[in-house]
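Here is a short note for a colleague who has not seen this structure before. Please read the points below with the model open.

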Amino acid sequence: MPESLTRRALLGAASALGIGLPVAARADDRLALKGGTPVRRGGWPGWPVIGDNDERAWMGVLRRGRWFRFDSDAVSRFESAWAERLGAKHCLATSSGTTALVTALAALDVGPGDEVIVPPYTFIATVNAVLLHRALPVFVDSELDTFQIDAAKIEAAITPRTRAILPVHLGGAPADMDAILAISRRRGIPVIEDACQAHLGEWRGKRLGSLGALGCFSFQASKNLNSGEGGAVVTSDPALHGRCFAFHNQGFPPSDSVRPAMGCNLRMTEFQGTLLLEQMSRVEEQSRLRSENADYLTRLLREIPGITPQRLHAGCTRNAWHLYMFRYDPAHFQGAPRARFLQALSAEGVPCYGGYGNLNKAPFLRHTLESRGFQRIYGDRIWAEWQARAHCPVNDQLCEQAVWLGQTMLLGSRRDMEQIAEAVRKIQRLAGQLA
Ligand SMILES: *Cc1c(COP(=O)(O)O)cnc(C)c1O
């Protein structure tokens, strides 16, 4: 009798007797990577979500022919709506999350010779924004369990040149804002939050991006609120808002023709503004769904030895869930390296990624610091001096252990979450095949 029939007969008998057999006993005995049947064959929820409202609004802007923000009002209506949603006084829309960061740094007058504290576990834009001002990014190591900047190590990295602290809310979960804001107050150094992954996330009931002097958002295509490209700087300080506005508008302030300082053109178009307003109509519901699914997934994954979901700080009252992140321990998968696990999980129908590399060791940093402009500002020993401060051993570990799932997967069903866990359990059970 074929093995599958035996098993089916056994399962029939077991259910007739009311005996629950473990899921694993029913599953394929070969990994999808080795030609077995994938745990999941279907696709995942698509992104972006486009409704009739988006189409009508977008065509409205197109047909009116007023595509420039100062000829119409979609961008300014979005700014008001986003500020209100965050509980902040002001919001300035920008062309991207990166240019939001560049604008926020400009508003704090960060420039050549200054240092800005950043985490090494982040998207390259956080660091590029600092370098574009010819300032130095100073890396403070990560916490292994939360993936966030280790706030306990920030103070030791502060020097008389430190001009700003730039924490990132990694994956949409908050960095330790109690500790970071306390250091900011004690040392008189402003905080810029990189909330580019943290739309509607909260720290003790306050929205991420509204806690520091300035908060930056991205509306790039992958983000939880999306207009293809786009960004915003949020603040409750009218003077900082004015400086941001001027910087993003070639130096011209909102109501004055006198330029206080140089600027750039980082303005958002009406197309982006109108899409964001329409996309905002879904953002609460999507965020609630991601939370429900992510919490359920965490309960399932926590039961699997060797899988450790990102720990959330106690002050996290709401996670924006841009990424679902966990750590993988090969010791519980017969020593299979993470790269092999990622291949196996993808083959089972669960797309996944290894996440960020060691940004503090990226070659572009050396090329930048050894460039003519940087050497003129910092001297020709700058690379060696900077490198001596850039060790982040915990982050090195994190970069080897992390596994990411994208936010759109969290817009699926409970059954989808069960299949993710099922796929991980299957790989664990058949880890011998990963060799
Ligand atoms: C996406 C992102 C940015 C930059 O946003 P863009 O809109 O792509 O320029 C900055 N920081 C972090 C942490 C991000 O995830």
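1. The side chain of S96 reaches the backbone nitrogen of T99 at 2.9 Å. Such a polar contact is a pair of N or O atoms within 3.5 Å; within protein, one must be able to donate a hydrogen and the other to accept it, and residues adjacent in sequence count only if both atoms are side-chain atoms. The model is predicted: local features need pLDDT of at least 70, side-chain atom pairs count only at pLDDT 80 or more, and totals for chains, interfaces and linings use all residues. Residues are numbered from 1 along each chain as its sequence is written, and side-chain values use heavy atoms, without hydrogens and water.

2. S96 belongs to the loop between β1 (90-94) and α5; helices (H or I, at least four residues) and strands (E, at least two) are DSSP runs, numbered from the N terminus. S96 counts as buried because its relative accessibility is 13%, the limit being under 20% relative accessible area (1.4 Å probe, protein chains only).

3. Which residues come nearest to the ligand? Of the 16 around it, they are G97, T98, D194, S218 and K223. A residue belongs here if one of its heavy atoms lies within 4 Å of the molecule.

4. Oxygen atoms of the ligand lie 2.5 Å from an N or O atom in the side chain of T98 and 2.6 Å from a polar side-chain atom of S218. For D194, a side-chain N or O atom is 2.8 Å from a nitrogen atom of the ligand.

5. α5 (97-107) and α6 (124-132) each supply at least two residues of the shell around the ligand. The largest share, 3 residues, comes from α5.

Notes. Buried < 20%, exposed > 50% of the residue type's maximum accessible area, 1.4 Å probe, protein only.
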